[in-house]
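The stops below can be selected one after another.

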There are 2 protein chains.
Amino acid sequence: MQDDSMVPGLHPLLAARWSPTTFDPTFDLDTAHAELLVEAARWAPSAGNSQPWAFVMGRRGDDTHQRLVRHLAASSRRWAPSASVLVANLAHRFVDGTDWEYSEFAHYDLGQAVAHMTVQAQALGLFARQFRAFDRDALAAEFGVPTHWEVTTMSAFGRVPPTADTSARERRAVGELLWKGP
Amino acid sequence: MQDDSMVPGLHPLLAARWSPTTFDPTFDLDTAHAELLVEAARWAPSAGNSQPWAFVMGRRGDDTHQRLVRHLAASSRRWAPSASVLVANLAHRFVDGTDWEYSEFAHYDLGQAVAHMTVQAQALGLFARQFRAFDRDALAAEFGVPTHWEVTTMSAFGRVPPTADTSARERRAVGELLWKGP
């Protein structure tokens, strides 16, 4: 059963969140606000405080942004460059011989960190879209990411033009995701 | 370099979040607020809207709570039962022959969903602690969780007594998690 009704009382930062593919290409995010997104990720919880995350952040117009855009797939290249900020989200992964203890929760914790970035973005009047449509290997090579890190996802952050379509949110009903057991 | 300084401007719901192991054992969370936590998870983003999450939620005193407590490890049994709510967080995983498309981002997206629950909890004046100290197989058997789901983590939600120690938060410095590349 699909259900798009939202229960009253959900915090506005969560209730108003959605993932646009249309961003205002004229809006520049200043450095302080871009850094606040990283700060939000930084204070996310993680297993044993392992903090198994790292980020490559480019602001539209800067060198890092150009290097990120170079490795977008055709599908994301149509919309992602218009966002104010692009971020590559890196998860620490296990490789024999590295000195940092592996956490089986690296992906899980990176997801939490990116969720915190998204919540902070909403608080700044921004929206985020996460995506996988990029060349993972080429992007890792571009930024010299060692093998014990994985470029897991990318995020685009920016303002949304007032004409953007916000209608396309639906979810499984609560009864389907709340497990009752046998 | 470890650094526990927080940049001003971080949203209060993120800045004030921490993971207690002391909960007020007299505080009961009502059904409506417990359901809001699930609602927050429900509206989290996920790869292709795959929503690869499910939850087993017990409120202290109910039957589900007792069945969850039964499978806590000794370390979490010391503190987790005093929280108002215990949740087992399930990630969808790949098994040949199942009809639901596997997402490589199941753990990542579950992390996002649990982060959204935590943010909603903060908005309700609650705190959360996630943990792995439980018998994964026994808990799955208890609730008849099929093999294409994994009981990945648990969360405890509750109020924190005013005497709880909030001082133990530190993180890597921003310069360490913001990747500059070669």
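Among contacts in chain A between residues at least 6 apart in sequence, what percentage join residues at least 24 apart? The figure is 81%. This is a predicted model, and that applies to every stop on the tour.

**Stop 1: chain A as a whole**

Select chain A and colour by secondary structure. There are 7 helices and 6 strands to find. Following the sequence, the elements of chain A come in the pattern β-α-α-β-α-α-β-α-β-α-β-β-α. Chain A has 182 residues, and 45% of them count as buried.

**Stop 2: A:F134**

Next, select A:F134, which sits in the loop joining β4 (127–131) to α6 (136–142) of chain A. Is A:F134 buried or exposed? With 22 other C-beta atoms within 10 Å, A:F134 is buried, because the cut-off for that class is 20 or more. Leaving out residues up to four places away in sequence, show the residues that A:F134 touches: A:H71, A:L72, A:A73, A:S76, A:L139 and A:M154.

**Stop 3: helix α5 of chain A**

Select residues 106–123 of chain A, which form α5. Of the 18 residues in α5(A), 17 are buried, so the helix is largely enclosed by the rest of the structure. Its length can be checked as well: at 1.5 Å a residue, α5(A) should span 26 Å, and its end C-alpha atoms are 26 Å apart, which agrees. Past the end of the helix, pick A:G125, which follows α5(A) and has a positive phi near 80 degrees.

**Stop 4: the contact between chains A and B**

Now show both chains. How many residues does each chain bring to the contact? Chain A gives 49 residues and chain B gives 49 residues. On the chain A side, the elements with two or more residues touching chain B are α2 (31–42), β2 (53–59), α5 (106–123), β6 (171–172) and α7 (174–177). The helix from the previous stop, α5(A), supplies the largest share of this side, 12 residues. Colour the side of chain A that touches chain B by residue class: 29 residues are nonpolar, 13 polar and 7 charged.

**Stop 5: the relation between the copies**

Superpose chain A on chain B. A rotation of 180 degrees with 0.0 Å of shift along its axis does this, at an RMSD of 0.0 Å. The two copies are therefore related as by a two-fold rotation axis. Both copies use the same surface, since 100% of the contact residues of chain A recur in chain B.

**Stop 6: the sheet of chain B**

Move to chain B and display its open sheet of 4 strands, ordered β2-β3-β5-β4 with antiparallel pairing. Which strands are at the edges? They are β2 (53–59) and β4 (127–131) of chain B, each of which pairs on one side only. From one strand to the next, the twist averages 25 degrees.

Zoom in on β4(B) and β5 (residues 149–158) of chain B, which pair in the antiparallel sense over 5 bridges.

Finish with helix α2 (residues 31–42) of chain B, which lies across β2, β3 (85–92) and β5 of that chain. The angle between α2(B) and β2(B) is about 170 degrees.

Technical notes: Residues are numbered from 1 along each chain as its sequence is written. Chains are lettered from A and ligands numbered from 1 in the order in which they are written. This is a predicted model: local features need pLDDT of at least 70, side-chain atom pairs count only at pLDDT 80 or more; totals for chains, interfaces and linings use all residues. Two residues are in contact if their C-beta atoms, placed from the backbone, lie within 7 Å. Ala, Val, Leu, Ile, Met, Phe, Trp, Tyr, Cys and Pro count as nonpolar, Asp, Glu, Lys and Arg as charged, and the others, Gly among them, as polar. The expected span of a helix is 1.5 Å times one less than its number of residues. A residue is buried if 20 or more other C-beta atoms lie within 10 Å of its own, exposed if 12 or fewer, and partly exposed in between; C-beta atoms are placed from the backbone. Copies are superposed by least squares on the C-alpha atoms of residues with pLDDT of at least 70 in both. Two strands pair if DSSP finds at least two bridges between them. Axes are lines fitted to C-alpha atoms, for helices over the stretch in contact, and angles run from 0 to 180 degrees between N-to-C directions.
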